[in-house]
Amino acid sequence: MDQVLRGQEVAEIRYMPVRHHSPACAYHVRQLIREWEPDCVLIEGPENASRLIPVMVHQDTAAPFAIYYSYRDSKGYVSEEKADYRCYYPFLDYSPELAALREAAARGIPARFIDLSYGEILTAVREGKGLRQGGEKNNYNDDYLLARSAYIRRLCEKAGMRNFDELWEKFFEQNGLYEDRDTFISHMLDYCRQARESTPREELEEEGCLKRERYMARCIQEAAGSCRRVLAVTGGFHTPGIQELLAEGDVKLKLTGIPEQDQGVFLLPYSMEACASLNGYASGMPYPAFYQQIWEGIEAGRERPYDEAVLNGLAAVGKMVRKGDGLLSSYDEICGYSMAQGLAGLRNKREPGAYELYDSVLSSFVKGAWDLSTDQPLRCLQAYLTGRQTGKLCDQAEVPPIIQDFEKQCKAYKLKTGTTLEQEITLDIFSSEKHRQVSMFLNQLVFLETGFCKKKRGPDLQKKKDRNLIREIWRYKWNAQVLAALTDVSVYGATVREACTARALQSMKEKTGGKEAALLLTRVFEMGLEEQLELVYGQVQRALLEDEDFYSVAEALSYLVLLREMGELYQSSIDTEPLLLICLRKLTALLPGMAGVQEEQTQACMQVCKTLCQLTGQEAYAGEREALYQAFVRITEQRDVNPGLDGCVRGILYGAGLHSLEDIRKVCAGYLTGTHDQLMKSASFFRGLFYTARDLVFTGDGLVGTMDRLIRRLDSQSFMELLPEFRMAFSYFTPREIDQIAGQAAALYGRKKKELFALKEVTPAVYDYGRRLDQLAVSMLAEPDEGG
Amino acid sequence: MNAELQMKPPVEVRYRQELEALKNSDTGKKPLNWQLSPRAVRTFILGSSKPVHGKDGDVEITRKYYGNDTLVERCIVTLAGNRGLMLVGEPGTAKTMLSELLSAAVSGVSTNTIQGTAGTTEDMIKYSWNYALLLDRGPSREALVPSPLYVGMEKGIITRFEEITRTPAEIQDSMISVMSDKVLNIPELGDEGLLFARPGFNVIGTANTRDKGVNEMSSALKRRFNFETVLPVRDVALEKQIIVQEVSKLAQENQIEMEVDEDVAELLASTYHELREGVSSYGHRIDRPAAVMSTAEAVSVFYQTMITGYYYDDGQISVDCMVQNLLGAVAKENRDDLEKVRGYFNTVIKDKSSREGGLWTRYYEARKWLR
């Protein structure tokens, strides 16, 4: 107990060092408040969450829940990247902080959080440390500080414990329950001091511990100025630091001054599973459901809460194993219980705990060698120890605006929430304005990765598939994870729409390619985010200008063309013209460099040429036509031009009147009379040519005859090699045109077209012979194999 | 028999001093007929940091089993309970050693053992007859030849059943009723033909999971046992320590006055460790040989190398000789393993030789013996 001079009086300060998830700490802090009756209770936790306390202690609020903090670094206080940050601070019934808050509320004692606000903490933490570790879910809880030093490793070894958690359970959870409070606190403090002394000061600085402790010390000092009895509940690791600071006298501290609007803080229902998975970072305690039982046992005044929880655990796991296909008898459970008892005795523990439960399941329930096929009991145990309980907030809880918006829209669009059954909805997106709105909303939820809905059928702009469909069929399913996912993105905006825009802008910054940018634009298009589009639009423009990859720009072009075509249907006002123009110019500039394109990319390249040609045919882009044709001419002038592309480009030039039929014929003859390798390229050339100028075949008599001459020059092996290419070349023609070509070909050999269709009669005798042959084969196959 | 005349004295003889000292200072509660309390059994196997007071002064209790301490604790508690203990795992993971240590500490004797083979019959497990006496006196206790299981029940001590899965399944099953009822029926003896097990009786079985020719246990028998899976040592430093300790012990027993070369032991430990895990300390991916790469094998390779050095090379341990012995130990089952070891030398050891030189280079040069 420290004493601080307070005017004429002396204020008493009591420190309660705690571990975040700990039934024993929760028990002692509650008793301390009951018996000592402080004037105010100060709890470690970012101070901007203090206004949530009435909801946290409300009788309708049930743990587990978490405080969710978000911070948008708009001024770049944390780093130049101006990124967004968020973290969770989970609470269970047996979290000492929550126990203290509840007890204080029950007695009408004012309570508040005293740590730096989340944003301030971030500014004090070096990148990659503490709350700025890269993980998916950052946890405010820093119990890992207690568990990581070399001192603790040696301690575990000496005590014969497998890890810190087992050590903690034995000495603090179990023994702690039977110690009087002052002994417990002094043991805690001794232990925490040791842990602190074996942590280098630089590390404390880098993780922001020192600044936080200064702030907490100052808050305690302030409270001591107005209250007579102050209780400070802080993480055990920080308590000695705070005590030292207060002993030195007035604590000075300079804050960054984080703007309030950049910080978000909400309560969120949480699940036991999420609490346990947070333990992946060695923070908090493992086995939340087990310790929940311990806490309930303590509250009910049970004599041996651990013993009882182990027995319940064995019975429950036994039941789970039997429910699966495991064979387990009651006798196994009896043996398991006696194993747990025996181990506790051998290990000098008061009662068997979670680790004895684990050992007894391993020893008595696992039959045969322990491997993947036999560890079902252990998996059941894991599930049991983790638990499935989820929390709930009272009605007064402030819901993040984005969830409010989500629920409002769901209601407006009659989407069912509150049931976890999967629903299906069909939307006539082009005929109903409302349906289009619903589709936009659902697309936005997909974009935010909420897991709420999935499009089953409908036009797919990203894959350029099913564009003929006029309906969308969606499946959606509401569950708590959707809310969690929405809360995760709440840092991006107050409404679903806003969050989408911010997310789109952010991913735009990450992606630089033109193709990705245009792809993103299609999603923006589907989401109907038009008013907020300007910024995204500018980014796409920049991405396109910077992109030097022909195919990426070409892909972007095809998406843009698609958007322009679909714009009217989707009633979109996105102006694709300037973007298309950028692509057009860019591709024109890159085109001559593509002359020597690889065989496998020929088709893609030809496609681009055709699209460009069609585009410049339109009035809006007529100004680009000349430059494009010049680019085409430059392709044909190159020496090692790809034959397919050559044909394709020449076809376009012929169509534009820049090449005469004679020119084309000359080039054809060039291929046909060339060396063997060139000859082999001719089919590919025709393929390209027909792709863009198939009418060439029907003008004059030339081309079919020329081709005939080519084919006659081939030996059969070369013909077989070229055949697939020829087939491909003729696939661009319609059946009627093929019919016409066949006629021309027949005429070359003095035949009439009709004769091609005249079939030679097959006599019934031939059919009969065939049938008998067939029967014979079947009967031979059916006969059993005799004599080998 | 005098301990010096035994090739391998049993555990209770080898550690007589430690066991006596523990008994002397043991204040813990003992299950009926146990020689030591469970806590003292634990100390005997896992060692103690402080010496224990014996009748003739303080005795240091060494650690005899490395690896998993909680496993040892579970074993001890199982033995005090109603079920047998079954140690399963790959060959060479010190299952037998652990079972010997446990029975020596619990019952003071580790030799009451059934050695299971494919030829084990039910009378070897229960009892058989001295036929001369049987013909002379008829069925009587004198004419009965007790099996280790019989002895265990009669005296209230532990019966060890080695390699239980090598005996045919139906023979294994003759244990079932004995294990659950703790009574053996001998119909030939009439009214006196019931042998009730005394407290302290239990069975420790060891079983192999990876060898050829093992029989699956019936689930009825499985239910009579708690299973403990003994895994290979996963830590190179620990493996080295085990090699050094075991080889020193062997050398001492066989009066070979030669120091164990710790550097060479480390070489061997890391070879065994890497070949077993399939990845080197530098991160190379390694083809794992099919042969069992157990610590026990490593000990025997090292010891063999050491006695060769002692008798032929003036007390110098030779890396060449070790590679030859390694070859003999690994290339037992198929020739592919030899290729894998050679590949290991040509990549991992080569790399280590160029990075660390010294002994590793000599080791790498000794690869010529891999043929």
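Modeller: Begin with where the two chains meet. This is a predicted model. Chain A gives 18 residues to the contact and chain B gives 23 residues.

Biologist: Which elements of chain A give two or more residues to the side that touches chain B?

Modeller: Two helices do, H15 (330–346) and H16 (354–364) of chain A. H15(A) supplies the largest share, six residues. By class, the side of chain A that touches chain B has eight nonpolar, six polar and four charged residues.

Biologist: What can be said about chain A as a whole?

Modeller: Its secondary structure comes to 35 helices and 11 strands. Of the 788 residues in chain A, 44% are buried. Then look at how far apart in sequence the contacting residues are. Among contacts in chain A between residues at least 6 apart, 75% join residues at least 24 apart.

Biologist: How many bridges join S9(A) to S11(A), and how many join S10(A) to S11(A)?

Modeller: S9(A) and S11(A) are joined by five bridges and run antiparallel. S10(A) is joined to S11 (residues 472–476) of chain A by four bridges, also antiparallel. Individual partners can then be named. Glu424(A) has Arg475(A) in S11(A) as its bridge partner, and Lys454(A) stands opposite Arg475(A) as well. Arg457(A) is paired with Ile473(A) of S11(A).

Biologist: Which residues of S11(A) are on the covered face, and which on the uncovered one?

Modeller: Glu472(A), Trp474(A) and Tyr476(A) form the covered face of S11(A), while Ile473(A) and Arg475(A) form the uncovered one.

Biologist: What does the sheet in chain B look like?

Modeller: It is an open sheet of five strands, in the order S4-S7-S10-S3-S11 (chain B), and the pairing is parallel. S4 (113–115) and S11 of chain B are the edge strands, each pairing on one side only. The twist averages 15 degrees from one strand to the next.

Biologist: Which strands pair with S3(B)?

Modeller: S3 (residues 84–89) of chain B pairs with S11(B) in the parallel sense over six bridges. In that pairing, Val88(B) stands opposite Thr229(B). Five bridges join S3(B) to S10 (residues 202–208) of chain B, and these two also run parallel. Here Leu85(B) has Ile204(B) as its bridge partner.

Biologist: Is S11(B) largely enclosed or left open?

Modeller: Six of the six residues of S11 (residues 225–230) of chain B are buried, so the strand is largely enclosed by the rest of the structure. Phe225(B), Phe227(B) and Thr229(B) point one way, Asn226(B), Glu228(B) and Val230(B) the other way, and all are buried.

Biologist: Which helix lies across S4 and S7 of chain B?

Modeller: H8 (residues 148–155) of chain B does, and H8(B) runs at about 160 degrees to S7 (158–162) of chain B.

Biologist: How do I read two helices that pack together?

Modeller: Take the distance between the axes, then the angle, then the residues in contact. H1 (residues 23–36) and H3 (residues 96–106) of chain A have axes 8 Å apart and pack at an angle of about 25 degrees. H1(A) and H3(A) are therefore roughly parallel to each other, and their crossing is right-handed. Residues making the contact include Val29(A) and Ile33(A) of H1(A) and Ala99(A) and Ala100(A) of H3(A). By class, the contact of H1(A) with H3(A) has eight nonpolar, no polar and three charged residues.

Biologist: What is the case in chain B?

Modeller: The axes of H3 (residues 38–46) and H5 (residues 95–107) of chain B come within 10 Å and cross at roughly 140 degrees. That angle makes H3(B) oblique to H5(B). The contact joins Val41(B), Phe44(B) and Ile45(B) of H3(B) with Leu101(B), Ala105(B) and Val106(B) of H5(B). By class, these are six nonpolar, no polar and no charged residues.

How values were computed. Residues are numbered from 1 along each chain as its sequence is written. Chains are lettered from A and ligands numbered from 1 in the order in which they are written. This is a predicted model: local features need pLDDT of at least 70, side-chain atom pairs count only at pLDDT 80 or more; totals for chains, interfaces and linings use all residues. Two residues are in contact if their C-beta atoms, placed from the backbone, lie within 7 Å. Ala, Val, Leu, Ile, Met, Phe, Trp, Tyr, Cys and Pro count as nonpolar, Asp, Glu, Lys and Arg as charged, and the others, Gly among them, as polar. Two strands pair if DSSP finds at least two bridges between them. A residue is buried if 20 or more other C-beta atoms lie within 10 Å of its own, exposed if 12 or fewer, and partly exposed in between; C-beta atoms are placed from the backbone. Axes are lines fitted to C-alpha atoms, for helices over the stretch in contact, and angles run from 0 to 180 degrees between N-to-C directions. Angles under 35 degrees count as roughly parallel, over 145 as roughly antiparallel, 65 to 115 as roughly perpendicular and the rest as oblique. A crossing is left-handed if the near helix is turned anticlockwise from the far one by less than a right angle, and right-handed if clockwise.
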